[in-house]
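Hi everyone, thanks for coming. Let me walk you through one model, starting with a term we'll need.

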Amino acid sequence: MATPDGDIRLKNDFVFALVGYRPDLEFLNSTGITLESDTLRPRTNPDTLESERSGIYLAGVIVAGMHTNEIFIENGRLHGRLIAESIAAKLMG
């Protein structure tokens with residue numbers, strides 16, 4: 001850690017990376033993506049994560065709507081593969 005006296009190291013047992021998050025629901029609405037009224041989850045195809053708007057995919061915690069505690073690095077990292085496979089399939093015809 002940088003301090004006025006130079007770099008120091010702190011011993012620790014755990015590090016919690018707590019980053020604030022508030023989804024930009026107005027932006028999603030402006031693109032024509034529908035949100036579920038009770039959860040504010042954007043409607044996506046669960047197999048591809050493509051939204052109702054063809055060609056617009058959503059990944060990461062945004063797909064959980066206001067249930068942001070459902071998506072973590074462990075399961076959110078799988079979103080990229082689903083999206084890439086969907087795009088590749090469309091390109092292959």
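A nonpolar core here is a set of buried Ala, Val, Leu, Ile, Met, Phe, Trp, Tyr and Cys residues joined through side-chain atoms within 4.5 Å. Buried means under 20% relative accessible area, exposed over 50%, and partly exposed in between, with a 1.4 Å probe and protein chains only.

Do keep in mind that this is a predicted model: local features need pLDDT of at least 70, side-chain atom pairs count only at pLDDT 80 or more, and totals for chains, interfaces and linings use all residues. Residues are numbered from 1 along each chain as its sequence is written, and side-chain values use heavy atoms, leaving out hydrogens and water.

So, the core. The largest one has 12 residues, among them L25, L35, Y57 and I83.

H79, I83 and S86 are its buried residues. After α3 comes G93, with a positive phi near 85 degrees.

Now, salt bridges: a side-chain nitrogen of Lys or Arg within 4 Å of a carboxyl oxygen of Asp or Glu. Which residues does R43 pair with? One is E36, at 2.9 Å, N to O; another is E52, at 3.6 Å. Shared partners join E36, R43 and E52 into one network.

How values were computed: Helices (H or I, at least four residues) and strands (E, at least two) are DSSP runs, numbered from the N terminus.
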